[in-house]
Amino acid sequence: MFGHLSPAEAQQRALAVYEAALGAPYYAAKYAGCAPPLDAAAWRRLPLLTHQELYDNTYPRSTGMLTQPVAGMIVLSTGGTSGVARYTVMTHAEWERFVATQAEAMRLFGIAPTDRIANLFVAGHLWPSFVAAHDVIRYLGAVHLPISANIPPEEMARLCAEFDPTVMISLPTAFIFLADLGRKQGYRFPSLRLIGYVGEQMSEEAQRHVRGVLGDVAIKPLAYSSADAGLMGYQCTQAAFATYHLPTDFQYVEILDPEAHAPAPPGQTGEVIVTNLARQSMPIVRYQMGDLAAWLDAPCPCGDPNPLFRLAGRAGDDFKVGGGFISMRVFDQALEAAGPAVSLNYQVEVADLDNQMEIRLKVEAAEPEQAQALAGQVRDGVCQRAPLIAEGLEKRYIRDFPVEFVPLGSLPRSPITGKVKRLVDQRVIAAQP
Ligand SMILES: [Zn+2]
């Protein structure tokens, strides 16, 4: 069970983290002109910590954010989703707290010692997921199958079929791929009851695509977390899609109206700003996660007093066309409507060509040549759901919108996480940190 702090208690704990942070040269300089944040108003005057600042000031590039020498620590890579690896370090005791908190989130799914958990994360590159899963499963006292996603996919599927896991944990990309491969090769995992994912939101269309092959299993996000800050949200059994409880005794979260720089009232979407209450060796204070969320007003029917918020999605979940934004969700919907022969692992490339735009959709399929017959249907399905694309094609500011099917597993994966980058907007790559 997660602990609960009142807002005043949480504010006190955040102040203690601020005081620890002053022991790091980076924070001492950053806060030199600031009044001690003794109340909420003064706290909100502390400057935010950006991705770029974290990138510039972390080990091994710098030890400026550390309050102690690098000794007795684990070094982790983070930020793989944006393509630029940052590193973060923490003491072994802090790591224990991180994984124990994650284990509590998973315990809510009713994991028993007899559960066989297939760990299908990519190991290596200092990426924390595989080793974190190892420690989390140990905390839960369940049976660990450390299969990983580093081995050939057929071998991964064969080991899963042989050991018949009750739980599988990995990224959405991996589960969509396992479902696509399972449809082609006919394997089943008869005891599987729960799929836990992290790394990105898994659309309801993608969930149905996976259930279509792997059976009527529960599919849940393991947590809302990051390597820098750790667990920021956990799902109880009552939580709706993208809705999480805040672990108030582990994380101090502010949701700020980006225009007013003031707390967003319940129901209004704002920027997630996080201060981790456990890290003292490399404090994370008022870190701008790059995520959007809104507090929910109503108490949760599960009885947990920790507040609820709804995650609105990460930057990069939509792209600009003409005067509006296209949600990536329209591609999930159009591909699901085209039937199970097409995967929901896909990539959208957006490029500028001589003042015209081109949108190129590449989709994995078990039989790409046969699937090509569905290209027109997918294209129409996207245009129906995203009238801005239809209008752009008609008015010729979108030059073309080709749909191409490629073999299973052939879309480029991040070598670090194994994730397919769904949106490659070449118009904004230069602007990314
Ligand atoms: Zn709840």
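1. Helices here are DSSP runs of H or I with at least four residues, strands are E runs of at least two, and both are numbered from the N terminus. Axes are lines fitted to C-alpha atoms, for helices over the stretch in contact, and angles run from 0 to 180 degrees between N-to-C directions. Two residues are in contact if their C-beta atoms, placed from the backbone, lie within 7 Å.

2. Before going further, please keep in mind that this is a predicted model, in which local features need pLDDT of at least 70, side-chain atom pairs count only at pLDDT 80 or more, and totals for chains, interfaces and linings use all residues. Residues are numbered from 1 along each chain as its sequence is written.

3. A closer look at one pair: β3 (residues 116-119) and β4 are joined in the parallel sense over three bridges. Ile-117 has His-144 in β4 as its bridge partner.

4. The loop between β3 and α6 holds Leu-126, a residue worth a glance on your screen. Leu-126 is not a glycine, yet its phi is positive, about 65°.

5. Helix α6 also packs against α5 (residues 92-107), at an angle of about 60° and with the axes 9 Å apart. That angle is why α5 counts as oblique to α6: under 35 degrees is roughly parallel, over 145 roughly antiparallel, 65 to 115 roughly perpendicular, and the rest oblique.

6. Which residues of α5 and α6 meet? From α5 come Val-99, Ala-100, Gln-102, Ala-103, Met-106 and Arg-107, and from α6 come Ala-132, Asp-135, Val-136, Tyr-139 and Leu-140. By class, the contact of α5 with α6 has eight nonpolar, one polar and two charged residues. Nonpolar covers Ala, Val, Leu, Ile, Met, Phe, Trp, Tyr, Cys and Pro, charged covers Asp, Glu, Lys and Arg, and the others, Gly among them, are polar.

7. On the domains: the chain is divided into domain 1 (7-96 + 223-314), domain 2 (109-221) and domain 3 (318-431), with bounds from an automatic or database domain assignment. The centres of domain 1 and domain 2, taken over C-alpha atoms, are 28 Å apart. In contact are 13 residues of domain 1 and nine residues of domain 2. On the domain 1 side, β1 (73-78) and β8 (224-226) each supply at least two residues, and β1 gives the most, with three. That side has eight nonpolar, five polar and no charged residues.

8. Another helix pair to inspect is α9 (residues 204-214) with α10 (residues 329-337), whose axes come within 8 Å and cross at roughly 35°. Glu-205, Ala-206, Arg-208 and His-209 of α9 make the contact with Asp-332, Gln-333 and Glu-336 of α10. The classes there are one nonpolar, two polar and four charged.

9. Finally, a backbone detail: the peptide bond from Tyr-59 to Pro-60 is cis, with omega near 5°. Pro-60 sits in the loop between α4 (51-56) and β1.

Terms used: Pairing = 2+ DSSP bridges.
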